Amino acid sequence: MKNIDSKGHVTGKSVYLDDIPVRQDTLFAAVYSAPVAHARILSLDTSGAQNFPGVVAVFTAGDIPGENQIGGTIPDETLLAEEEIIYQGEPIAVVVAENEYIAREAREKIKLEYETLEAITDPREAAEKGSLLLSPRTLAMGDASSQWDKCSYVFSGSTKIGGQEHLYIETQGAYCFPKENGNLTVYSSTQSPTAIQRAIAKVLGKGMHQIETDVTRLGGAFGGKEDQATPWACMAALASSSLQKPVKLVLSRQDDLRMTGKRHPYAADFKIGLSADLKIMAFEVTYYQNGGAVNDLSLAIAERTLFHATNSYYIPHIKSTIYSCKTNLPPNTAFRGFGGPQGMFVMESAIAKAAQELEIPALKIQQKNLLKEGDLLYYGQKVKQVHIRKAWQTAFREFEIRKKQKEIDDFNKKNPLIKKGLALMPITFGISFTATFLNQARALVHVYTDGSVGVSTGAIEMGQGVNTKMLQVTAQTLGITPSRIKLESTNTTRVANTSPTAASSGADLNGQALLIACRGILQRLKKLAGELHGANASEIDLKDEKIFVGGQFTGMSWETLISEAYLRRMQLSEIGHYATPEIYFDKEKKKGSPFAYHVYGTAMLVSKVDCLRGTYEFEEVKIIHDFGESMNPVIDTGQVEGGVIQGMGYVTMEELAYSKSGRLLSNSLSTYKVPDIYSVPKVFVVKPLKVSGPKHAILKSKAVGEPPLMYGLGAYFAVRNAMRAFNPGFKYFDSPITPEKVLLGLYEKVKA
Amino acid sequence: MITFILNDQLVRTEEPAGSVLLDFIRYKARLMGTKAGCREGDCGACTVLEGHLENGEVRYKSIVSCLTPLGNVQGKHIVTIEGLQKDKMSPVQQAMIDHAATQCGFCTPGFVMSLTAHSLVPKKSTPEKVIDAISGNICRCTGYRSIKTAATDISRLLAQKEMDDPLGWLIKKAFLPEYFRNIAGRLKEIQATTPDANDGKIVGGGTDLFVQQPDALIKTSLQFSKAETNLQTIDIKDSFCRIGGAVTAEEIMKSDLLQHYFPRMKEDFRLISSEPIRNMGTVAGNIVNASPIADLVIFFLALDATVEIKHKSQPDSTIPLREFYIGYKKMKLHPGDLITAIRFPLPEKILFHFEKVSKRKHLDIASVNSALSIQMDGQVIKKIHLSAGGVYAWPFYAEKTVRFLTGKKLTEENIAEAAGILLSEIAPISDIRGNKTYKSLLLRQLFFAHFHELFPETFSAEVLYSKMLAV
């Protein structure tokens with residue numbers, strides 16, 4: 001089934017935040033933000049903006065009636081800066097005017113006096129100076145430090161991995177309407193309607209029940225609208241509540257790039273020990289996570305980095321430590337993969353380092369150490385239904401990797417200025433929020449008297465097709481045609497206390513809740529149908545809009561049954577509640593079973609590097625992916641393809657750049673490049689691995705949002721391998737591998 | 001007063017000529033299908049069709065509405081996604097649905113409009129051309145595979161287009177609605193009305209001006225060089241080529257006249273921005289924007305082009321392009337001066353090569369670009385011109401290198417020595433497009449690449465690798 005929004009999308013009729021019809025008395029807001037990364041505010045004079053023709057009001061921290069606090073996990077984030085500026089682009093004031101041109105012009109009239117303080121932008125420097133968001137955390141299994149002597153080979157090294165801008169094409173925004181009795185309705189482009197409801201209540205000193213959040217769909221999010229949609233909604237609400245007018249705040253692309261956080265840049269040091277037969281015996285790793293100025297979701301992201309430190313490998317002795325570093329950058333935040341990619345990149349770098357020292361292909365080490373059934377992951381979870389070896393072997397066979405490698409070696413011998421490189425990227429990614437309490441969801445189903453159905457869940461549609469999957473669950477469970485079903489907007493008055501649509505879990509959690517709700521209604525309908533047809537409820541089937549008894553069509557339609565149910569005053573609505581069973585993590589013991597299941601797969605990537613110009617392209621990307629039993633192969637394949645290209649962009653051309661003083665240099669789409677249509681590999685194949693699906697996955701169809709992004713990491717190693725065919729001395733692990741780094745690396749003098 | 005046709009509606013508006021079309025479409029006409037993504041022409045979410053009369057017919061192209069001043073749509077037909085079929089899907093829309101080429105959907109109207117623009121191109125569609133047509137559209141969700149498949153399908157269908165009545169065919173096949181038939185006639189009526197008298201800042205395509213200062217331009221008095229038909233021609237006469245100041249990059253790229261002299265022109269120009277931006281940006285705009293990496297300037301510097309300037313109160317003058325720049329974003333031009341054309345000699349036996357490297361191969365600003373033209377007399381370099389962008393405060397003409405090579409034999413030693421001279425006469429700075437070490441190294445490589453491509457036997461990969469690159 002195609003995405004149910006397809007028709008609206010291709011005709012331009014789908015409604016996004018900025019498309020909501022504007023009420024006539026609407027005011028428009030623009031944010032005045034910090035011009036420097038770290039400073040003490042001496043004075044703030046907003047009178048120039050206040051008196052600007054067309055300006056209605058200017059709001060600063062002093063105008064906040066409740067708490068000036070929007071920290072989602074830890075209360076360490078102000079809505080508007082008061083005394084100290086902690087990153088460039090930090091909101092200080094909100095200018096509200098008749099239109100956005102005036103608001104933008106007027107904000108330039110605000111005068112800020114400040115005393116500049118030293119800015120930290122580098123995580124290692126932050127760690128050295130003790131600038132941390134939280135004390136360092138460690139996970140361990142066995143005793144790595146005692147193993148080095150027993151290893152045949154020990155190598156150590158360092159890596160750097162850059163951040164990544166989400167670049168959802170729809171920028172952040174919110175549109176708030178005042179309602180009677182001090183209530184507010186907020187439309188927002190957010191993955192977390194409840195977070196917005198909670199934050200607005202806090203900032204305005206209201207109850208959550210007074211705030212209604214409504215979301216129809218997002219024009220992309222990728223994690224960037226999990227925590228960071230909140231400030232704009234709060235600002236619109238602050239102005240709207242105070243002025244009693246609708247207020248719209250939509251960030252321009254430049255404001256969005258400057259004011260919002262990205263994927264966390266990391267630095268890391270590793271040490272890896274191998275046996276003579278290439279078993280990884282021990283691994284020690286220290287990560288320096290660039291958290292930005294406040295916590296945001298950094299600690300949860302750090303946790304996932306630790307959980308994915310070993311990627312797809314079994315390592316008996318391991319110790320991993322992470323420093324979540326506080327720097328003067330915008331708060332770095334969730335991004336597809338949520339710390340997993342950084343953890344996996346370091347692991348793969350360590351393997352690549354060992355391989356280059358041993359002068360063997362990395363795949364020999366990768367293959368030797370893949371997880372097998374029942375292996376213990378170092379955080380305490382025993383893996384079940386492990387498909388990584390199967391994925392790897394299938395890739396090896398179907399993509400004829402041995403032959404491919406030989407072709408590449410021959411090609412490289414013949415061509416002095418063009419080199420190819422092959423890399424394999426296995427992935428093992430845990431599904432569930434690592435914060436166990438978030439693994440819950442609710443769904444509300446109404447069956448109307450004409451037999452049509454309205455479905456509300458806590459899931460946010462952002463292109464991933466969750467609404468299509470919800471519709472499938474409903475249609476399949478109730479045995480009715482999809483055209484009868486409407487997916488409602490996500491609204492906090494219909495479904496309360498939603499978890500963010502994140503962690504790849506949207507379809508699983510909300511789908512299971514919806515399944516429970518549908519089954520509730522179905523059970524009652526079956527009982528009624530049994531009574532009507534003199535049969536047991538267990539003999540009743542509903543399918544194709546018809547009622548069957550023991551497989552025999554009764555002549556009764558779905559519509560008639562619903563009509564009967566209503567006349568008999570039967571409950572035709574149901575709310576379903578789901579909480580993922582069995583998962584837990586003991587924070588004290590640092591052990592547990594945090595994931596409902598894992599997703600597996602293996603990618604093969606082939607690069608071609610022009611060693612004259614330092615440019616490159618990808619000839620082939622072929623993937624064997626574990627979908628479980630996909631409930632929607634079209635949508636799921638689209639998720640894999642999109643994730644891979646985004647992951648390849650992350651390690652190739654997507655280069656975030658900040659000045660030493662903390663100013664974003666890659667501050668526009670002309671300086672921050674994401675993959676375009678020419679960047680797609682010439683051959684791009686995604687094949688499903690034939691496996692059965694786990695019970696915690698919705699209809700045994702595994703979560704698919706995040707895992708494929710990490711196949712993209714292989715692009716780094718494919719380019720690196722090609723470069724080393726030209727310059728065997730190239731030894732860095734510094735992502736992204738831009739054409740600049742490639743050319744400089746190719747011609748770097750080989751150190752003796 | 002600006003008059004144009006928006007979809008099937010005649011629009012007369014008093015909105016400022018310097019306000020952008022995107023805002024008019026979304027916030028005045030309330031057509032919300034056209035999306036605002038970046039407002040710098042780099043994402044394509046706001047792509048619309050622009051149709052103009054040419055010899056009695058309407059010619060359509062894709063443009064980005066975020067950088068199009070209203071002044072540039074006077075007398076045009078603008079088509080947004082709402083201007084396509086109302087009741088049924090066009091084959092473009094259907095292909096996007098069939099191949100699941102839409103996820104979040106925010107970029108989708110832009111893709112649909114670019115592909116529809118492609119359907120209106122008079123030449124035959126090919127799988128390569130259809131991809132060029134969507135080269136300015138960024139999608140962050142799909143990874144493009146599905147979009148490519150949809151585009152290829154559309155291209156296959158378009159290959160059957162009946163060339164005697166293409167518009168009729170497109171209407172019959174539901175690419176376009178019926179009202180397109182009457183647009184030519186309706187535009188003729190508007191054309192008859194004279195545009196407002198203009199005096200003010202000169203705007204060409206607006207592709208950089210409206211990135212830099214959109215809010216200020218709303219309040220600025222503007223005149224539009226594209227309104228002047230005498231600036232729009234490409235002529236070749238007496239071994240000289242003259243290109244009008246308002247000619248766009250796409251018009252140069254597609255010029256049959258120039259293809260003959262520059263067989264690689266299409267490949268070269270494919271590296272210059274994207275199709276909609278090439279449809280908008282002008283030669284004069286690229287010159288006066290004075291960016292140190294201006295692609296067209298680099299191209300024409302190596303052809304030793306001359307700039308023709310029309311002054312307000314003095315007689316017209318000319319100046320060699322290589323003497324035109326005097327500092328970063330500074331040039332020999334006075335307020336009110338208008339670049340009417342560039343011209344350059346076109347000897348029959350010219351060898352020409354253009355190189356550009358940027359972080360992303362397409363729709364990106366160069367880290368370094370360079371062009372070289374050369375005329376040989378046997379083994380001896382008779383005449384040579386070399387330009388380089390991104391290595392100096394303005395588009396650089398490598399005078400010392402040129403002087404050294406003129407009259408020299410084409411040997412490894414001479415080219416290697418010339419590379420040394422070249423690197424000594426540039427002054428790159430470290431910035432977002434690369435540090436200066438990189439830019440120097442890259443220019444050396446591109447300099448060698450010119451000879452590698454033009455004289456593949458003398459400067460083969462083996463020769464470069466073993467003798468010149470000193471790995």
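In this predicted model, helix H8(A) passes helix H9(A) in a right-handed crossing. H8 spans residues 298-307 of chain A, and H9 spans residues 340-358 of chain A. Their axes come within 7 Å and cross at roughly 35 degrees. From H8(A), the contact draws on Arg304(A), Thr305(A) and Leu306(A). From H9(A), Gly340(A), Gln342(A) and Gly343(A) take part. By class, the residues of this contact divide into one nonpolar, four polar and one charged.

A further helix pair in chain A is formed by H13 (residues 466-478) and H14 (residues 506-533). The two axes come within 9 Å, with a crossing angle of roughly 25 degrees. H13(A) is therefore roughly parallel to H14(A), because angles under 35 degrees count as roughly parallel. The crossing of H13(A) past H14(A) is right-handed. On the H13(A) side, the contact residues are Val466(A), Lys469(A), Met470(A), Val473(A), Thr474(A), Thr477(A) and Leu478(A). They meet Gly506(A), Ala507(A), Asn510(A), Gly511(A), Leu514(A), Leu515(A), Cys518(A), Arg519(A) and Leu522(A) of H14(A). Nine nonpolar, five polar and two charged residues make up this contact of H13(A) with H14(A).

The surroundings of Ala239(A) were examined in turn. Residues up to four places away in sequence are not counted here. Beyond them, Ala239(A) touches Leu27(A), Ala29(A), Ala57(A), Phe59(A), Val94(A), Val96(A) and Val247(A).

The contact between the chains takes 66 residues from chain B and 65 residues from chain A. On the chain B side, several helices each supply at least two residues. These are H2 (91-98), H3 (108-119), H5 (145-158), H9 (214-218), H18 (436-454) and H19 (461-468) of chain B. H18(B) gives the largest share of the side of chain B that touches chain A, with nine residues. The residues on that side divide into 36 nonpolar, 17 polar and 13 charged.

Conventions. Residues are numbered from 1 along each chain as its sequence is written. Chains are lettered from A and ligands numbered from 1 in the order in which they are written. This is a predicted model: local features need pLDDT of at least 70, side-chain atom pairs count only at pLDDT 80 or more; totals for chains, interfaces and linings use all residues. Axes are lines fitted to C-alpha atoms, for helices over the stretch in contact, and angles run from 0 to 180 degrees between N-to-C directions. Helices (H or I, at least four residues) and strands (E, at least two) are DSSP runs, numbered from the N terminus. Angles under 35 degrees count as roughly parallel, over 145 as roughly antiparallel, 65 to 115 as roughly perpendicular and the rest as oblique. A crossing is left-handed if the near helix is turned anticlockwise from the far one by less than a right angle, and right-handed if clockwise. Two residues are in contact if their C-beta atoms, placed from the backbone, lie within 7 Å. Ala, Val, Leu, Ile, Met, Phe, Trp, Tyr, Cys and Pro count as nonpolar, Asp, Glu, Lys and Arg as charged, and the others, Gly among them, as polar.
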